[in-house]
Amino acid sequence: IAVLHTNMGDIRVRLFEKSAPLAVTNFKALINKGYYNGLIFHRVIKDFMIQGGDPKGNGTGGESIWGEGFEYEFNKNLLHFTGALSMAHSNQPNSNGSQFFIVQGSKITEDALKSQGIDSKMSDASKNLYYEHGGTPWLDGQTNPSGHTVFGQVFDGMDVVNNIAAVQTGANDKPVTDVVITSAELVKYEG
């Protein structure tokens, strides 16, 4: 698992190495290099997500361990439910780098899926899970060809994610007071 120690508390995430090997390899290597230590959550939108991993702190920086973007890894079993850890990317194809986000989405309704125009692209099982857990289904690769790669899921510290999502923000959804990843580490899961 990965643990993000923040100035607002700890967030623990299970990583899905078999389903998103490139994203997990990249994330783990960056953690081991200390890359995320001291970086901020530079974009926070309540009922949507919290985003970090940019050394510039403004959403324009960061790179993968390979020094360039890498391909998206969509998996019909890894969707953007509340608590999903996912790769952030630019509008360019295969532009995953160091930036990531954690979904803090609210409940999803049938009307919301229809208004997004994605209800017909989703299985009934996926819809029911979104109704139950909330999230951001429009970011899934199954509904959006430029969707995002889910590579982990928060299992402890969702209260911290919710508290971060509730901070006051200013221009470009940046928190007025920095929310800092003081350090990140990998630990063996024993549970």
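A: Let's begin with Lys-114, which counts as partly exposed because its relative accessibility is 46%. Here, buried means under 20% relative accessible area, exposed means over 50%, and partly exposed is anything in between, using a 1.4 Å probe and protein chains only. Keep in mind that this is a predicted model, in which local features need pLDDT of at least 70 and side-chain atom pairs count only at pLDDT 80 or more, while totals for chains, interfaces and linings use all residues. Residues are numbered from 1 along each chain as its sequence is written, and side-chain values use heavy atoms, with hydrogens and water left out.

The partner of Lys-114 is Glu-110: the two form a salt bridge, and their closest N and O atoms are 3.3 Å apart. A salt bridge is counted when a side-chain nitrogen of Lys or Arg is within 4 Å of a carboxyl oxygen of Asp or Glu. Side chains of opposite charge can pair when their charged atoms come close. Glu-110 is partly exposed too, with a relative accessible area of 44%. Both residues lie in helix α2 (residues 110-116), four residues apart, or about one turn of the helix. Helices (H or I, at least four residues) and strands (E, at least two) are DSSP runs, numbered from the N terminus.

The count by this rule comes to four salt bridges. Arg-12 pairs with Asp-10, with 3.9 Å between the closest N and O atoms. Arg-12 is partly exposed at 27% relative accessibility, and Asp-10 is partly exposed with a relative accessible area of 27%. Arg-12 also forms a salt bridge with Asp-156, where the closest N and O atoms are 3.3 Å apart. Asp-156 sits in strand β7 (residues 150-156) and Arg-12 in strand β2 (residues 9-15), so this pair ties together parts that are 144 residues apart in sequence. With a relative accessible area of 37%, Asp-156 is partly exposed as well.

Leaving aside residues up to four places away in sequence, Ile-11 touches several residues, including Asp-156, Ile-102 and Val-154; contact means heavy atoms within 4.5 Å. Ile-11 is among the residues with the most contacts inside the largest nonpolar core, which has 30 residues. Such a core is a set of buried Ala, Val, Leu, Ile, Met, Phe, Trp, Tyr and Cys residues joined through side-chain atoms within 4.5 Å.
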